[in-house]
Amino acid sequence: MGVPLTVDGLTVTVRPARPRGTRVDVPGDISSAAFFLCAAGLPGSAVTVRNMGTNPTRTGLLDVLRAMGPTSPWPTSARWPASRAPT
């Protein structure tokens, strides 16, 4: 992603920089995608998420991102099949 880093034995140092966008495939689990979902909130950032599992018991992070207000990149309401809708 173009961020400068150095490796010295077991120590990895990352210098401040803006990563370049690239395609990253992660498992379809929300916990695997969490870092990228949060990064989408950075100014000038965009993330496309496809086929991510978001059952009603695993949406805490999305709820927090939505609560961030109008700057949040997430919709204000989730769409669930009626049989699995959160109460």
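I'll go from the overall layout to the core, then to a pair of rings.

A word on the ground rules first. This is a predicted model: local features need pLDDT of at least 70, side-chain atom pairs count only at pLDDT 80 or more, and totals for chains, interfaces and linings use all residues. Residues are numbered from 1 along each chain as its sequence is written, and side-chain values use heavy atoms, with hydrogens and water left out.

Now the layout. The protein has two helices and two strands. Both kinds are DSSP runs, numbered from the N terminus: helices are H or I, at least four residues, and strands are E, at least two. Along the sequence, the pattern reads β-β-α-α.

How much of the protein is buried? Of its 87 residues, 11% count as buried. Buried means under 20% relative accessible area, exposed means over 50%, and partly exposed is in between, with a 1.4 Å probe and protein chains only. The protein exposes about 6,900 Å², and carbon and sulfur atoms supply 56% of that. Those areas come from the Shrake-Rupley method with a 1.4 Å probe; for residues, only the protein chains shown count as cover.

On to the core. Which residues make up the largest nonpolar core? There are six: I30, A33, L37, M52, L62 and L65. A nonpolar core is a set of buried Ala, Val, Leu, Ile, Met, Phe, Trp, Tyr and Cys residues joined through side-chain atoms within 4.5 Å. Helices α1 (30–39) and α2 (60–67) each supply at least two residues of this core. The largest share, three residues, comes from α1.

Next, M52. Leaving aside neighbours within four places in sequence, M52 is in contact with G28, D29, I30, A33 and L37. Contact means heavy atoms within 4.5 Å.

Last, the rings. Rings of Phe, Tyr and Trp (its six-membered ring) pair if their centres lie within 6.5 Å; planes under 30 degrees apart count as stacked, over 60 as edge-to-face and the rest as tilted. By that rule, there is one aromatic pair. F35 and F36 form it, edge-to-face, at 5.3 Å centre to centre and 85° between the planes. Are these two buried or exposed? F35 counts as exposed, because its relative accessibility is 62%. F36, at 26%, counts as partly exposed.
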